[in-house]
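Me: I would like to learn how to read a protein model step by step, beginning with the overall layout and moving on to single residues. Could you guide me through this one?

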Amino acid sequence: MRILKYFFIPLLIFITAACSSLVLKPADFSWPIENALKVDNKGFVEEQRYAFTLKVKSLFFEEFADSTNFAGKEIRIIRDKLGYVYMTGKNFKNVYVFMSTEGGMKLEEKIMVSEKGLVSPAFNQKSPNIELLDSPNKYLLNNKGIVR
C-alpha cells in the first residue's frame, strides 16, 4: 500500500503539472509612441520596427461604408500595456480597439469620439490609458471606452 502511495501521488502531481499552461507575467505590450501608417493600394499597413503587417480595408468599410477609398490614407495606431491595439484616422468618428487573435485582430470595442469626424488625431501613451488628441479635444481611452 505504501508503494502505491509513493508512486501514484508523484505521478498525479506530474500529470497535473504537465497539463497547466505556462504564463509569463507581468508583461508590458505597450508601444511607446503611436505610429502613423500609410495604407497601400492593397489595403495593408506595415510597421517594420514591430514586424507588424495588417490588412485594414475592412476597417474603412466599417467606418465609411466604403472599402475602395483607402489607398494613401493614414491609420493612427498604438498599443496599450495590456496588448490592446487602438486605431483611428482622419475623418474617423470612432476609435477601434482590437486584440490579437490567431492570424489577425478581433474587434473588442468601437468607441464613438466625434460626430463630425476627427481632424488631426494623435495618440499618446498615458499608462494605463491611451490619450487621443484632436485639437482642441482630448479623450482618455481604455479598452472599454472613454475614461470619465
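Reply: Let us begin with the order of elements: read along the sequence, the protein follows the pattern α-β-β-β-α-β-β-β-β-β-β-β-β, which comes to two helices and eleven strands. Please keep in mind throughout that this is a predicted model.

Me: What share of the 148 residues counts as buried, and what share of the contacts between residues at least 6 apart in sequence joins residues at least 24 apart?

Reply: Of the 148 residues, 34% count as buried, and among the contacts between residues at least 6 apart in sequence, 45% join residues at least 24 apart.

Me: How should I read a nonpolar core, and which residues of the largest one touch the most other members?

Reply: The general idea is that in soluble globular proteins nonpolar side chains tend to be buried together. Here the largest nonpolar core has 18 residues, and Val56, Leu59, Ile75 and Met87 are those that touch the most other members. At least two residues of this core come from each of β3 (52-55), α2 (57-64), β4 (74-79), β5 (85-88) and β6 (94-101). There is also a second, separate core of 13 residues, which includes Val97, Ile111, Leu132 and Leu141.

Me: Which residues does Leu59 touch, leaving aside those up to four places away in sequence?

Reply: With those neighbours left out, Leu59 touches Ile75, Met87, Phe92, Tyr96 and Phe98.

Me: Some of those are aromatic, so let me ask about rings: how many aromatic pairs does a search of the whole structure find?

Reply: The search finds five aromatic pairs. One of them is formed by Phe64 and Phe92, and this pair is edge-to-face, with 5.1 Å centre to centre and 85° between the planes. The pair links distant parts of the chain, since Phe64 is in helix α2 while Phe92 is in the loop between β5 and β6, 28 residues apart. Phe60, Phe64, Phe92 and Tyr96 form one aromatic cluster.

Me: Why is Phe92 classed as buried, and how is Phe64 classed?

Reply: The class follows from the relative accessible area, for which buried means under 20% and exposed means over 50%, with partly exposed in between. Phe92 counts as buried because its relative accessibility is 1%, whereas Phe64, with a relative accessible area of 35%, is partly exposed.

Me: How do I read the pairing of strands, for example that of β2 and β3?

Reply: In general, strands of a sheet pair through backbone hydrogen bonds, either parallel or antiparallel. In this model strand β2 (residues 44-47) pairs with β3 in the antiparallel sense over four bridges, and Val45 stands opposite Leu54 in β3. The two strands form a hairpin with four residues between them, and Ala51 in the turn has a positive phi of about 50°. The faces of β3 can be told apart as well, for Phe52 and Leu54 make up the covered face, while Thr53 and Lys55 make up the uncovered one.

Me: What is the order of strands in the open sheet of four, and why do some of them stand at the edges?

Reply: The order is β8-β9-β10-β11, with antiparallel pairing. β8 (122-126) and β11 (145-146) stand at the edges because each has a single partner strand, so one side of each is left without a neighbour in the sheet. Five bridges join β8 to β9, where Leu132 in β9 is the bridge partner of Phe123, and a hairpin connects β8 to β9 through two residues. β9 is in turn joined by five bridges to strand β10 (residues 137-142), and there Asp134 has Asn137 as its bridge partner.

Me: Where is Val147, and which residues does it touch beyond four places in sequence?

Reply: Val147 lies in the segment after β11 and touches Asn129, Leu140, Leu141 and Asn142. Val147 is partly exposed, with a relative accessible area of 30%, whereas Asn129 counts as buried at 14% relative accessibility.

Terms used:
Residues are numbered from 1 along each chain as its sequence is written. This is a predicted model: local features need pLDDT of at least 70, side-chain atom pairs count only at pLDDT 80 or more; totals for chains, interfaces and linings use all residues. Side-chain values use heavy atoms; hydrogens and water are left out. A nonpolar core is a set of buried Ala, Val, Leu, Ile, Met, Phe, Trp, Tyr and Cys residues joined through side-chain atoms within 4.5 Å. Buried means under 20% relative accessible area, exposed over 50%, partly exposed in between (1.4 Å probe, protein chains only). Contact means heavy atoms within 4.5 Å. Two strands pair if DSSP finds at least two bridges between them. Rings of Phe, Tyr and Trp (its six-membered ring) pair if their centres lie within 6.5 Å; planes under 30 degrees apart count as stacked, over 60 as edge-to-face and the rest as tilted.
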